[in-house]
Amino acid sequence: MMEIRTPKTGKAKRVLENRAPKLVETGKKTLILHGTKTSATLSSVLMELYRLKKGGAIRYSRRNENIRPFESGGETSLEFFSQKTDCSIFVYGSHTKKRPDNLVLGRMYDHQVYDLIEVGIENFKTLLAFSYDKKFAPHEGSKPFICFTGEGFENVPELKHLKEVLTDLFRGEVVDNLNLTGLDRAYVCSAISPTKVFLTHCALKLKKSGSIVPRMELVEVGPSMDLVIRRNRLPNESLMKEAMRTSKDKPKKKVKNVDQDAVLGKTGKIYMPDQKLGDMKLLDKSKGLKRERKEAKLKHKEETVSKKMKESSE
């Protein structure tokens, strides 16, 4: 059982706040793990995925015996690694006689397993198997196009689930604007059958088209593989509802002493403490005070003169 520690410094609190779930998520990091046994093909697949996600992925090459994503109790190590590395997507590869070249893709929410999908790898080709002009090679960390072709991605539940996971895996950080010259890669996913998807990685080649928008050509640069769907597990309703919250669903914090009026609009009350004007000391430089003092001196002088005259007459 993991020990729960409360942060004692401001820096530790800020780190935990950055790792906590957010209404507007930043770029998701990918965790790549090896199972108890992996084949040469599967090791190549994991290495190629790490190269494609370089800069946004963490890879552990050591074997992990306690990870069994679809079994109860086998998720503890996954949740521990997710919390340690702050990764919200994981790729776990294993190889057994029953499920050869097996790849488990999953997403995390609040460092808990959100959903899972298991696929088998077939007809895998590495980057070295493709010959192309190296000047068209995609740059590291560039934003990709993701293309899904086939009606199965809209009708078959398993393919719809795979589409969501692959989109989160490859899209990187969500942005509002893109420079067209910076788009140099595309992931093409074609639904061959209800349980089989062809995935390939292509470079984008821009050519003149006679208009402002250039013509694009796809150059296959690899890797490519067939993904055969084996098992999947959807998230439960309560976890899905919590994870799918948006900023509109967030309850608005009530502001004190502020009201909305149909005529006046936004109105508010301002608290002002007692000013104690009677105890305030006024400055002596004001013109009004000078005049009053001058008049008071003249009056006092006249009174003293009149008083002396009366005394002398007596």
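Start with helix α3, residues 76-85, and select its buried residues: Ser77, Leu78, Phe81, Ser82 and Thr85. Looking down the axis of α3, these buried residues fall within an arc of 140 degrees, so they line one face of the helix. Note that this is a predicted model. Then step just past the end of α3 to Asp86, where phi is positive, about 60 degrees.

**The cores**

Next, select Val91, Leu103, Leu105, Ile121, Leu162 and Leu166, the residues with the most contacts inside the largest nonpolar core, which has 31 residues. Elements giving two or more residues to this core include α2 (40-52), β3 (89-94), β4 (102-109), β5 (112-125) and α5 (157-170), along with β7 (185-193), β8 (196-207) and β9. The most comes from α5, with 6 residues.

Centre the view on Leu103. Setting aside neighbours within four places in sequence, Leu103 contacts Leu42, Val45, Leu46 and Leu49, then Val91, Tyr92 and Gly93, and finally Ile117, Glu118, Val119 and Ile121. A separate core of 12 residues lies apart from the largest one; Cys87, Tyr92, Val113 and Leu116 are among its members.

**Glu118**

Move to Glu118, one of the contacts of Leu103, in strand β5. Is Glu118 buried or exposed? Its relative accessibility is 2%, so Glu118 counts as buried. The side chain of Glu118 makes a polar contact with that of Asn102, at 2.7 Å. Beyond four places in sequence, residues touching Glu118 include Phe70, Arg99, Val228, Ile229, Arg230 and Arg231.

**The salt-bridge network**

The structure holds 14 salt bridges. Select Lys28, Arg107, Asp115, Glu164, Asp168 and Arg171, which salt bridges join into a network. Within this selection, show two pairs:

- Arg107 and Asp115 form a salt bridge through their side chains, at 2.5 Å, N to O. Arg107 counts as buried at 11% relative accessibility, and Asp115 counts as buried at 0%.
- Glu164 and Arg107 form a salt bridge at 3.5 Å, N to O. This pair links distant parts of the chain, with Glu164 in helix α5 and Arg107 in strand β4, 57 residues apart. Glu164 is partly exposed, with a relative accessible area of 43%.

**Strands β8 and β9**

Now select Glu217 and Lys207, whose side chains meet in a salt bridge at 3.5 Å, N to O. Glu217 lies in strand β9 and Lys207 in strand β8, so the pair ties together parts 10 residues apart in sequence. Glu217 is partly exposed at 26% relative accessible area, and Lys207 is partly exposed at 30% relative accessibility.

Select Leu204, also a residue of strand β8, which counts as buried at 9% relative accessibility. Leu204 and Leu218 are 14 residues apart in sequence, while their C-alpha atoms are 5.1 Å apart. Residues touching Leu204 include Phe145, Leu183, Asp184, Arg185 and Ala186, as well as Met216 and Glu217.

**Last stop: Asp226**

Follow strand β9 (residues 215-233) to Asp226. To finish, display the residues touching Asp226 from beyond four places in sequence: Gly120, Ile121, Glu122, Asn123, Ile192, Lys196, Val197 and Phe198.

Technical notes:
Residues numbered from 1 in each chain as written. Predicted model: local features only at pLDDT ≥ 70, side-chain atom pairs only at ≥ 80, totals over all residues. Heavy atoms only, no water. Helix = DSSP H or I, 4+ residues; strand = E, 2+ residues; numbered from the N terminus. Contact = heavy atoms within 4.5 Å. Core = buried A, V, L, I, M, F, W, Y, C linked by side-chain atoms within 4.5 Å. Buried < 20%, exposed > 50% of the residue type's maximum accessible area, 1.4 Å probe, protein only. Arc of directions from axis to C-beta. Polar contact = N/O pair within 3.5 Å; in protein donor to acceptor, adjacent residues only side chain to side chain. Salt bridge = Lys/Arg side-chain N within 4 Å of Asp/Glu carboxyl O.
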